[in-house]
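Me: I would like to learn how to read a structure like this one. Please give me the general idea of each feature before the case at hand.

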Amino acid sequence: LVAERDGTGVVLRFEAAAGSAHRLAARDLLGEGGWSEVASWPAATVSRTEEVRLQTPGSTRFFRVRRF
């Protein structure tokens with residue numbers, strides 16, 4: 001997962017594996033609290049780069065991508 005600042009937001013990119021769906025989740029504190037789904041991508045027949053732009057108004061957020 002690669003994160004880049006983009007004005008008042010962030011651009012997140014990751015390599016999505018062929019044959020797997022993926023979910024992007026976020027939370028405010030790294031060590032506690034639940035993860036909230038931010039975006040999801042269906043399975044595809046080929047690997048590909050996925051990208052999402054999110055607004056993050058001055059707060060720290062932690063993100064993870066999971067395959068399922």
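Reply: Helices (H or I, at least four residues) and strands (E, at least two) are DSSP runs, numbered from the N terminus. In this protein chain the elements run β-β-β-β-β-β from the N terminus on. The chain has zero helices and six strands. This is a predicted model, in which local features need pLDDT of at least 70, side-chain atom pairs count only at pLDDT 80 or more, and totals for chains, interfaces and linings use all residues. Residues are numbered from 1 along each chain as its sequence is written, and side-chain values use heavy atoms, with hydrogens and water left out.

Me: What box do the C-alpha atoms of the protein chain fill?

Reply: Taken along the principal axes, the box is roughly 35 × 25 × 15 Å.

Me: How much of the protein chain is buried?

Reply: Buried means under 20% relative accessible area, exposed means over 50%, and partly exposed is in between (1.4 Å probe, protein chains only). Of the 68 residues in the protein chain, 32% are buried. Accessible areas come from the Shrake-Rupley method with a 1.4 Å probe, and for residues only the protein chains shown count as cover. The protein chain exposes about 4500 Å², and carbon and sulfur atoms supply 49% of that area.

Me: Which residues make up the largest nonpolar core?

Reply: A nonpolar core is a set of buried Ala, Val, Leu, Ile, Met, Phe, Trp, Tyr and Cys residues joined through side-chain atoms within 4.5 Å. The largest one here has 11 residues: Val10, Leu12, Phe14, Ala16, Leu24, Ala26, Ala39, Trp41, Val52, Leu54 and Phe63. Two or more residues come from each of β2 (9-16), β3 (22-27), β4 (36-41) and β5. The largest share, four residues, is from β2.

Me: How many aromatic pairs does the count come to?

Reply: Rings of Phe, Tyr and Trp (its six-membered ring) pair if their centres lie within 6.5 Å; planes under 30 degrees apart count as stacked, over 60 as edge-to-face and the rest as tilted. By this rule there is one aromatic pair. The ring centres of phenylalanine 14 and tryptophan 41 are 5.1 Å apart and the planes are at 70°, so the pair is edge-to-face. Phenylalanine 14 lies in strand β2 and tryptophan 41 in strand β4, so the pair ties together parts that are 27 residues apart in sequence.

Me: Are these two residues buried or exposed?

Reply: Phenylalanine 14 is buried, with a relative accessible area of 8%. Tryptophan 41 is buried too, at 12%.

Me: What does tryptophan 41 touch?

Reply: Contact means heavy atoms within 4.5 Å. Not counting residues up to four places away in sequence, tryptophan 41 touches Phe14, Ala21, His22, Leu24, Arg48, Glu50, Glu51 and Val52. For the protein chain, residues 24 or more positions apart account for 63% of the contacts with a separation of 6 or more.

Me: Where does threonine 56 lie, and with which side chain does its own make a polar contact?

Reply: A polar contact is a pair of N or O atoms within 3.5 Å; within protein, one must be able to donate a hydrogen and the other to accept it, and residues adjacent in sequence count only if both atoms are side-chain atoms. Threonine 56 is in the loop between β5 (48-55) and β6 (62-67). Its side chain makes a polar contact with the side chain of arginine 5 (2.9 Å). At 6% relative accessibility, threonine 56 counts as buried.

Me: Which side chain does a polar contact join to that of aspartate 28?

Reply: The side chain of arginine 61, in a polar contact of 3.0 Å. Aspartate 28 lies in the loop between β3 and β4 and counts as partly exposed, at 49% relative accessibility. Leaving aside neighbours within four places in sequence, aspartate 28 is in contact with Thr60, Arg61 and Phe62.

Me: Which side chain is joined to that of glutamate 4?

Reply: A polar contact of 3.2 Å joins the side chains of glutamate 4 and arginine 13. Glutamate 4 lies in strand β1 (residues 2-6) and is partly exposed, with a relative accessible area of 39%.
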